[in-house]
Amino acid sequence: PVNQRNREVPVVPQGISRDDFLKALEELKGELGGENVEVNDQPLRDGWYMEHPNTHDMMTILDEEEFVAGAVVFPGSTEEVVKIVKWANRWLIPVFPISMGRNLGYGGAAPRVRGSVTIDLGKRMNKILDINPQDYTCLVEPGVSFYGLYDELGKRGLRDHMWVDTPDLGGGSIIGNTVDRGVGYTPYGDHWACHSGLEVVLPTGEVIRTGMGALTQGGENTWGVFPYGFGPYSDGIFSQSNFGIVTKMGMTLMPNPGGHESFMYTFPNEEDLGPLMEIIRPLRISTILENVAQLRHVTQAIAASGLPKSKFYSGTGTIPADIIHQAAAQTPVGDHTWAYYGMCYGHPHIRAYKLAIIDAEFNKIPGCRKINPSTIPEDEYFWSRDRIASGTPDIHELRWVNWAPNGAHIAFSPVSPIRGPDATKLFQLGKRIHEQYGIDFMPAFCVGLREMHLIVEIVFDRDDPEEKKRALGCLRDMVDEAAKKGYGEYRTHLVLMDQVAGTYAWNDGALGKFNERLKDALDPNGILAPGRCGIWGKRYRGRGWEM
Ligand code: FAD
């Protein structure tokens with residue numbers, strides 16, 4: 001059978017015949033129940049963020065047929081995940097775990113190897129197993145989203161007591177985001193640093209717990225409060241990898257700081273970036289600037305209105321600077337170029353102390369403007385930042401994806417120190433390569449504690465192959481050029497994983513070889529998420545899978 005694009009269905013992974021694949025899936029139905037195994041034989045549907053597909057990337061940068069699942073399975077327990085990996089080893093079928101599959105900009109729900117069987121953990125394994133108000137911790141399964149935990153805190157009357165740190169979009173999975181080392185915007189924004197203890201199904205079917213959960217008995221008592229346990233700290237190898245399937249995770253929650261106050265400053269010129277970073281660094285490292293704050297370029301501020309580019313500009317090529325500034329005049333950014341969105345926490349007298357220092361420092365940039373929040377309309381992007389930095393999930397951020405028709409995006413996300421020359425170098429590199437490819441440049445610097453991620457979102461029309469080709473070319477060039485200057489990506493899209501892994505090649509690729517040794521030891525048949533983060537098991541290596 002074929003679907004409407006003349007694609008043979010289901011998509012069968014390489015190395016197994018169609019008949020055997022279907023026979024294997026029938027066997028799996030016997031173990032999980034027929035309703036928990038879905039063959040991907042339907043036309044691909046993109047849906048939207050809250051109703052996203054689990055068979056492919058709804059924002060695909062390649063042809064959507066490239067990274068597509070052969071089937072999707074829905075385990076209901078750790079024991080069922082074990083059954084699935086044992087089954088995959090018996091049949092040598094690649095499997096690809098997702099928690100919820102909203103990894104948009106980095107591959108969505110797509111598997112790296114076409115025809116893999118996607119393990120959609122989140123649909124049935126979605127319990128909040130514990131919330132501990134004394135310790136400010138929780139224990140969750142893969143299907144618990146930031147919204148889900150926030151709602152549950154509300155139901156238990158705990159929202160005033162403790163906060164959930166959330167990324168820009170709240171519909172993702174706490175586990176999925178954390179194992180991909182995603183970020184949020186309160187002082188608890190480094191999610192990986194804030195997790196504590198995992199339960200993991202290894203690719204051969206053994207189940208381990210890390211940290212205090214590994215105690216023979218009673219581990220639950222300290223699971224969420226001490227991440228290390230005893231012996232080697234193994235959690236790291238289960239983040240951005242393909243060494244195991246995380247089925248439970250402890251997470252720390254932030255105590256309500258007793259008050260909070262968002263602030264916004266704008267700065268007039270692109271050239272202010274360097275001096276501004278020199279001001280931000282000491283303030284951030286000493287936590288006068290307390291949260292993972294954002295310095296955004298005016299182009300993204302306009303796009304965050306949700307209006308398409310065509311509303312502002314009907315010409316070809318990148319949107320001219322004077323049109324950007326004309327449009328920005330209607331927003332709180334006004335005629336300026338940079339907007340800093342921050343949050344101050346604590347009781348009013350503590351906030352007043354910190355805000356006075358920030359104000360004095362930021363005002364060293366000539367022309368700096370503090371925007372009075374009472375003048376900012378309710379629907380403005382500022383209020384989305386306010387919600388997110390105070391533990392309330394949101395989806396306003398999705399709006400800039402409308403910049404292009406059939407809007408999709410892919411991210412360039414290099415790490416650098418919080419220093420003027422580094423920020424300026426990366427900014428100029430990105431701007432030059434965007435201009436070369438005729439793509440609008442939308443940089444946002446997300447300032448961590450001692451480093452920052454520059455996040456540049458390339459927005460493209462997912463139905464326009466030529467535009468997709470340009471977007472990918474632009475991204476690949478930026479990754480290479482940045483790496484040559486000593487800047488590496490903190491995370492990347494499925495399509496770029498081999499390229500990015502290749503930039504971490506010190507000492508003749510020693511780290512990559514180490515990862516391959518781990519992969520071959522833990523996953524001798526290479527069934528788990530082949531290719532994720534550039535790690536291929538020996539069954540795949542050297543056979544042309546890398547891209
Ligand atoms: P999933 O898609 O479930 O997981 C991500 C990947 O991790 C999977 O592909 C899989 O390879 C692996 N994985 C997942 N679960 C497991 C498991 N249990 N065991 C082993 N491996 C697993 N991200 C941020 O971090 N911060 C942001 O501020 C942010 N802003 C965004 C703004 C926009 C407009 C968009 C569109 C995206 C943004 N993202 C951001 C990216 C993305 O939406 C989030 O990171 C999201 O939380 C990831 O999706 P998910 O949580 O459903 O994870």
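**Figure 1. Threonine 287 and its loop in the predicted model.** Threonine 287 is found in the loop between α6 (273–285) and β13 (293–297). Helices (H or I, at least four residues) and strands (E, at least two) are DSSP runs, numbered from the N terminus. Residues are numbered from 1 along each chain as its sequence is written, and the model is a predicted one, in which local features need pLDDT of at least 70, side-chain atom pairs count only at pLDDT 80 or more, and totals for chains, interfaces and linings use all residues. Side-chain values use heavy atoms, with hydrogens and water left out. The phi of threonine 287 is near 55°, a positive value in a residue other than glycine. Most residues other than glycine have a negative phi. At 41% relative accessibility, threonine 287 counts as partly exposed. Buried means under 20% relative accessible area, exposed over 50%, and partly exposed in between (1.4 Å probe, protein chains only).

**Figure 2. Glutamine 240, a non-glycine residue with a positive phi.** The phi of glutamine 240 is about 40°. Glutamine 240 lies in the loop between β9 (207–209) and β10. With a relative accessibility of 16%, glutamine 240 counts as buried.

**Figure 3. The salt bridge between arginine 385 and aspartate 168.** A salt bridge is a side-chain nitrogen of Lys or Arg within 4 Å of a carboxyl oxygen of Asp or Glu. By this rule the count comes to 37 salt bridges. In the pair shown, the N to O distance is 2.8 Å. Arginine 385 lies in helix α10 (residues 381–388) and aspartate 168 in the loop between β7 (162–163) and α4 (174–179), so the pair ties together parts that are 217 residues apart in sequence. Arginine 385 is buried, at 6% relative accessible area, and aspartate 168 is buried at 13%. Asp168 and Arg385 also belong to a network of salt bridges that links them with Arg296 and Glu397. Side chains of opposite charge can pair when their charged atoms come close.

**Figure 4. Serine 384 in helix α10.** Serine 384 is buried, with a relative accessible area of 0%. Leaving aside its neighbours within four places in sequence, serine 384 is in contact with Asp394 and His396. Contact means heavy atoms within 4.5 Å.

**Figure 5. The salt bridge between aspartate 379 and arginine 399.** The closest N and O atoms of this pair are 3.1 Å apart. Aspartate 379 is in the loop between β15 (369–371) and α10, and arginine 399 is in the loop between α10 and β16 (407–412). The two residues are 20 residues apart, and the pair links distant parts of the chain. Arginine 399 counts as partly exposed, at 26% relative accessibility.

**Figure 6. The salt bridge between lysine 248 and glutamate 199.** The side chains meet at 2.9 Å, N to O. Lysine 248 is in strand β10 (residues 245–252) and glutamate 199 in strand β8 (residues 195–201), 49 residues apart. Both lysine 248 and glutamate 199 are buried.

**Figure 7. Lysine 484 in helix α12 (residues 465–484).** At 72% relative accessibility, lysine 484 counts as exposed. Lysine 484 and threonine 503 are 19 residues apart in sequence and 8.5 Å apart in space, C-alpha to C-alpha.

Figure 8. The domain assignment of the protein gives domain 1 (18–120), domain 2 (128–255), domain 3 (260–493) and domain 4 (504–547). These bounds come from an automatic or database domain assignment. Taken over C-alpha atoms, the centres of domain 2 and domain 4 are separated by 27 Å. The contact takes 11 residues from domain 2 and 14 residues from domain 4. The two domains bury about 1,000 Å² between them, 68% of it on carbon and sulfur atoms. Buried area is the accessible area (1.4 Å probe) that two parts lose on being put together, summed over both. Pro203, Asn242 and Phe243 supply 58% of the area that domain 2 buries against domain 4, more than any other three residues.

**Figure 9. The salt bridge between arginine 532 and aspartate 180.** The closest N and O atoms of arginine 532 and aspartate 180 are 2.9 Å apart. Across the interface of domain 2 and domain 4 the rule finds 1 salt bridge.
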